Amino acid sequence: MRARTLLWGLALAALAARCADAASCAEQLQAVAPDANTDFIDPATADGDCLLPLCEGNSYADCHPTNGSDPPVRNYQLVFSDEFEDDGRSLAVEAGDKRWTAERMWYAGTEDMEVYVPEQVTTSGGAAVITMEQGQDWGAVQRDNGTVWNVTKDYKSGFFSSWNKFCFTGGYVEAALWFPGDDYISGFWPAFWLMGNLGRPGYLATTGGFWPYSYSSCGGGDSGLDQPGANKPQFITACPDPAGFDRTLYGLQPGVGRGAPEIDMVEMKVPPSIDEQTGEPIALGLPRGGGPGQRPWPFNSMTLQTAPLLPNATTWMDPSNGDTPQGPLGEGMYLPQDAMQPGGVLQGMWTHSTYWRGDFADGMIPVLKQYGNLDLLDNIRPGNVVQDSVSVMATLNTSHFTSYHKFGLDWKPQQYVRWYIDGQLVYEIDAVALREQTNSTGYTTFERLIPVEAMFIIFNFAMSDSFTKVDIDRLQFPAQYKIDYVRVYQDPEAINLGCSPPDYPTAQWIACNRDVYANTEADQALIPDACEKLPTCKSEWGYEYQGGVQLQSLTNVTSPFDCCQACAQNDACGAWVWNPYYNLACVLKAPGGLIRAKMGPQYEGIVSGSVLDAGSLEPRTSSGGGGGTSGALLGRSTGGVLGWLALAAAALAALL
């Protein structure tokens with residue numbers, strides 16, 4: 001009955017939408033939000049897709065009433081779309097696509113078997129297509145200290161995102177996807193996800209201390225930070241700024257914790273087709289199912305990744321709940337089953353809490369023993385020493401590899417996140433799931449937030465044994481991951497577009513730290529703003545500024561960031577070169593007379609750049625720039641850097 005009632009309400013709303021004036025989607029958005037940017041709406045989007053009826057209730061109970069009443073439904077307005085109708089589009093940064101950037105990189109965080117190459121992303125037949133194929137190629141990898149290195153792999157694929165181009169805060173995002181490979185052989189890892197704009201994925205110097213934090217309490221954020229491989233502490237916290245750092249220089253609000261949270265709509269996984277004990281391939285043609293001698297179906301993982309971690313021996317799951325078919329779901333977590341019943345739209349699908357024995361699962365053993373539920377150990381706390389993964393899984397079938405299916409997410413900041421498959425709600429979490437918790441030692445992690453940051457959209461196609469065993473000998477290449485369309489809708493009374501909204505700005509932080517957000521000359525176009533109050537640096541990997549007047553050469557400078565800041569804080573310095581091959585040398589040069597030279601493969605780790613004075617996008621051309629600001633105010637300094645900068649400044653003063 002509840003499912004029929006909801007569908008009836010949605011049908012009435014859809015009928016009302018069709019009866020609206022036959023204005024274009026862009027014109028309809030302009031009517032409800034005159035200041036909204038309509039450039040991100042694809043004219044190829046059909047008029048019938050301008051509005052989307054959704055339940056607007058803040059609670060699960062609102063949208064699933066048990067008393068026979070209709071759920072509250074509202075038409076959400078289209079604010080972004082890409083139908084990918086024009087064949088042959090390039091999404092490489094040089095192409096200047098207004099929505100997307102396809103990366104050239106190796107994704108070190110997941111130890112991928114492929115590199116990402118822009119040419120592996122194109123549009124064809126009305127879809128965006130990411131192709132994974134054999135063939136040696138290279139990608140850049142940025143380490144967390146800002147160093148950049150070339151990595152070569154024997155497979156290449158694609159990764160594209162709307163970072164710092166299109167972001168939204170709250171709303172519904174949906175894509176129609178056709179998965180690569182088949183439902184039997186494991187290894188392919190296609191994904192569709194969101195991240196907060198303060199992190200650029202794959203650029204580890206931008207994500208450390210930001211990803212996947214969604215936290216705005218002072219204190220309680222240290223759980224797990226003492227573990228090997230742990231996350232970095234949250235960089236911009238809700239606490240007062242430490243001495244020597246002033247967030248307002250970056251346009252950030254005091255007392256507001258900042259981060260780059262992550263929401264995964266799609267991470268498709270085929271269970272290992274290689275026996276993980278023997279290393280032998282699992283036989284083809286086994287009956288499907290979860291029992292002995294059967295082959296499990298593939299599944300989609302749907303996750304809110306969040307930090308800081310809960311204290312050890314606590315969880316958002318329910319250790320006393322050992323009997324529910326969907327696993328030990330905790331408060332604020334829901335897995336509705338109506339659409340999966342016989343005759344339902346998702347008939348045959350099965351949803352369950354994720355099987356992932358996370359790094360802190362063993363801390364739950366005493367309480368699981370207390371309830372006699374030790375068999376829940378693989379479900380009780382997914383995640384690792386970097387993130388808590390509030391995650392569930394939904395089984396897929398053969399049709400997901402032979403046709404398009406819709407995957408969507410309805411997100412209301414500080415309220416809820418709702419995952420949809422083929423238009424049906426399959427998973428929901430609300431703020432209760434992220435409540436504060438205290439362990440037996442008295443340590444408290446306060447409430448983690450349903451994300452409030454402006455988020456951007458990501459599609460990628462990976463292979464990594466860290467996700468599922470890669471059956472490389474039986475996977476078929478080339479393989480294609482297809483995206484038929486992507487659309488974003490928002491409540492017409494809550495239109496919130498842009499990557500740097502007033503309440504959670506990002507533009508000045510990115511502009512003032514452009515040396516880690518952009519590592520090539522072409523990437524500079526992705527950061528259109530100048531740093532208004534501080535001198536900053538452009539950086540470029542694999543090039544050297546030769547010639548000119550050398551001011552000084554410093555040794556044992558551990559990162560290009562340290563080198564660029566030494567230059568930025570001296571009025572006489574206009575360019576710098578960081579050379580890791582010769583005693584970690586940092587060469588400071590006067591502006592003018594410089595030649596930009598491409599380094600050979602044996603010297604690709606060199607990073608160089610120029611200084612931009614406060615308020616300028618042009619390289620410093622003479623002395624007398626804006627170098628008077630203390631180096632202590634420049635953001636990402638770590639142990640020993642400030643002392644080194646002071647010594648460098650003194651040495652330069654003596655020299656000059």
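## Cysteines, strands and cores in a predicted model

Colleague: How far apart are the sulfur atoms of Cys25 and Cys50?
Modeller: A pair of cysteine sulfur atoms counts as a disulfide within 2.5 Å. Cys25 and Cys50 do form one. The distance between their sulfur atoms is 1.9 Å.

Colleague: Thanks! And which hand does the link of Cys25 and Cys50 have?
Modeller: The angle about the S-S bond is -85°, and the link of Cys25 and Cys50 is left-handed. The two ends sit in distant parts of the chain, with Cys25 in helix α2 (residues 25-32) and Cys50 in the loop between α2 and β1 (51-55), 25 residues apart. As for the hand you asked about, it is left-handed.

Colleague: How many residues apart in sequence are the parts that Cys218 and Cys239 tie together?
Modeller: Cys218 and Cys239 are joined by a disulfide, S to S 2.1 Å, and with 110° about the S-S bond this link is right-handed. Cys218 lies in the loop between α4 (204-207) and β11, and so does Cys239, so the pair ties together parts whose separation in sequence is 21 residues.

Colleague: Now to Cys563 and Cys586: why is their disulfide given the hand it has, and which hand is that?
Modeller: Their sulfur atoms are 2.1 Å apart, and they form a disulfide. The torsion about the S-S bond of Cys563 and Cys586 is about 85°, so the hand is right-handed.

Colleague: Which elements hold Cys563 and Cys586?
Modeller: At 0% relative accessibility, Cys563 counts as buried, and Cys586 is likewise buried at 0%. In the disulfide of Cys563 and Cys586, the torsion about the S-S bond is about 85°. The pair links distant parts of the chain, 23 residues apart, with Cys563 in helix α8 and Cys586 in strand β27 (residues 585-589).

Colleague: What is the distance from the sulfur of Cys537 to the closest cysteine sulfur?
Modeller: Cys537 is buried, with a relative accessible area of 0%, and Cys564 also counts as buried at 0%. The closest cysteine sulfur to that of Cys537 is in Cys564, too far for a bond given the 2.5 Å cut-off. The distance is 3.0 Å.

Colleague: How many disulfides does the count come to?
Modeller: The pairs we have discussed include Cys25 with Cys50, Cys218 with Cys239 and Cys563 with Cys586. The count for the model comes to seven.

Colleague: How many residues of helix α8 are buried?
Modeller: Helix α8 spans residues 560-568 and is largely enclosed by the rest of the structure. Its buried residues include Phe561, Cys563, Cys564 and Cys567.

Colleague: In β15, what is the bridge partner of Met302?
Modeller: Strand β12 (residues 299-306) pairs with β15 in the antiparallel sense over eight bridges. On the β14 side, three bridges join β14 to β15, and His352 has Met393 as its partner. For Met302 the partner in β15 is Val392.

Colleague: Which residues of β15 point the opposite way from Asp388, Val390, Val392 and Ala394?
Modeller: In a regular strand the side chains alternate between the two faces of the sheet. Strand β15 (residues 388-395) is mostly covered, with eight of its eight residues buried. Pointing the other way are Ser389, Ser391, Met393 and Thr395.

Colleague: Last one: which residues have the most contacts inside the largest nonpolar core?
Modeller: That core has 92 residues, and its largest share, six residues, comes from strand β22 (residues 479-490). Phe459 touches several residues, among them Trp100, Ala191, Phe192 and Tyr481. The residues with the most contacts inside the core are Ile457 and Phe459.

Conventions
Residues numbered from 1 in each chain as written. Predicted model: local features only at pLDDT ≥ 70, side-chain atom pairs only at ≥ 80, totals over all residues. Heavy atoms only, no water. Buried < 20%, exposed > 50% of the residue type's maximum accessible area, 1.4 Å probe, protein only. Helix = DSSP H or I, 4+ residues; strand = E, 2+ residues; numbered from the N terminus. Pairing = 2+ DSSP bridges. Core = buried A, V, L, I, M, F, W, Y, C linked by side-chain atoms within 4.5 Å. Contact = heavy atoms within 4.5 Å. Lists of a residue's contacts leave out its neighbours within four places in sequence.
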